[in-house]
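Please find my notes on this structure below. They are arranged as numbered points, each on one topic.

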Amino acid sequence: MNSEKSHIRRDDKVKVLTGKDRGKIGKVLKVIRKENRVVVESINKVKRHQKPNFKNPQGGIIEAEAPIHLSNVQLMCNHCLNPIRIKMKVLEDGKKVRVCRKCNETIEA
C-alpha cells in the first residue's frame, strides 16, 4: 500500500467533495495514513448489526462513522471560510507551518 503525504491532521475542518455527504463540513476525528483515509465527525455514517457481547450486552444496530478517502475531502480555511489548497512555509525559528493559498493565513489545527 502506498501512503501519500497528507496535509490534513486531526481536529482540522474539512469539506466533503464527493459521495452521499457532498458539501457537508465536519471535523477530522482520525487520520489513517496507511490507507490514505480520514474519519470525519457525523459524515459517512454506516449502520452495523451487532450481536450481544460483553461490551454491548443488548446488541442491536450501531451507527458509526466510516473512513473516507483523502482525495474526497478538502481542508477548510478558518479565515476565508473556503475549501483551500495549502502551501508549506518555514518560519524564522525553523518551524514548518501550513498556509492558505488564498489569504496567506497560517492554518492552526
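**Notes on the predicted model**

1. Asp-21. This is a predicted model, and I begin with a loop residue. Asp-21 sits in the loop that links S1 to strand S2 (25-32). Its relative accessible area is 10%, so Asp-21 counts as buried. A polar atom of the Asp-21 side chain lies 2.6 Å from the backbone nitrogen of Asn-44. Apart from neighbours within four places in sequence, Asp-21 is in contact with Val-16, Ile-43, Asn-44 and Lys-45.

2. Ser-42. Ser-42 belongs to the loop between S3 and strand S4 (45-50). Its phi is near 55°, a positive value in a residue other than glycine. Most residues other than glycine have a negative phi. With a relative accessible area of 44%, Ser-42 is partly exposed.

3. Asn-104. A positive phi also occurs at Asn-104, at about 60°, and this residue is not a glycine either. Asn-104 is located in the segment after strand S9 (96-100). The relative accessible area of Asn-104 is 48%, which makes the residue partly exposed.

4. The sheet. Five strands form an open sheet in the order S6-S3-S2-S1-S7, with antiparallel pairing. Strand S6 (68-69) and S7 are the edge strands, each pairing on one side only. Within the sheet, S1 and S2 run antiparallel and are joined by three bridges. Lys-15 stands opposite Ile-25 in S2.

5. The nonpolar core. Which residues have the most contacts inside the largest nonpolar core? They are Ile-8, Val-14, Val-38 and Val-73, in a core of 16 residues. Strand S1 (13-16), strand S3 (37-40) and strand S7 (73-75) each supply at least two residues of this core. Nonpolar side chains tend to be buried together in soluble globular proteins.

6. Val-38. Leaving out residues up to four places away in sequence, Val-38 touches Ile-8, Val-28, Lys-30, Val-31, Ala-66, Pro-67, Ile-68, Leu-70 and Val-73.

7. UniProt, in an unreviewed entry, places the feature "domain: KOW" at residues 7-34. In the model this span is 0% helix and 43% strand. The end C-alpha atoms of the span lie 14 Å apart.

8. Cysteines. How many disulfides does a search of the whole structure find? The search finds zero. The sulfur of Cys-80 has its closest cysteine sulfur in Cys-77, at 3.5 Å, which is too far for a bond because a disulfide requires the sulfur atoms to be within 2.5 Å. The sulfur of Cys-100 is likewise 3.5 Å from its closest cysteine sulfur, in Cys-103, and this too is too far for a bond. Cys-80 is partly exposed, with a relative accessible area of 23%, whereas Cys-100 is buried at 0% relative accessibility.

9. Cys-77. Cys-77 is in the loop between S7 and strand S8 (86-90). Its relative accessibility is 3%, so Cys-77 counts as buried. Leaving aside neighbours within four places in sequence, Cys-77 is in contact with Asn-82, Ile-84, Cys-100 and Cys-103. The C-alpha atoms of Cys-77 and Glu-105 are separated by 8.4 Å, although these residues are 28 residues apart along the chain.

Terms used: Residues numbered from 1 in each chain as written. Predicted model: local features only at pLDDT ≥ 70, side-chain atom pairs only at ≥ 80, totals over all residues. Heavy atoms only, no water. UniProt positions renumbered as here; feature names shortened; annotations may be inferred. Helix = DSSP H or I, 4+ residues; strand = E, 2+ residues; numbered from the N terminus. Core = buried A, V, L, I, M, F, W, Y, C linked by side-chain atoms within 4.5 Å. Buried < 20%, exposed > 50% of the residue type's maximum accessible area, 1.4 Å probe, protein only. Contact = heavy atoms within 4.5 Å. Polar contact = N/O pair within 3.5 Å; in protein donor to acceptor, adjacent residues only side chain to side chain. Pairing = 2+ DSSP bridges.
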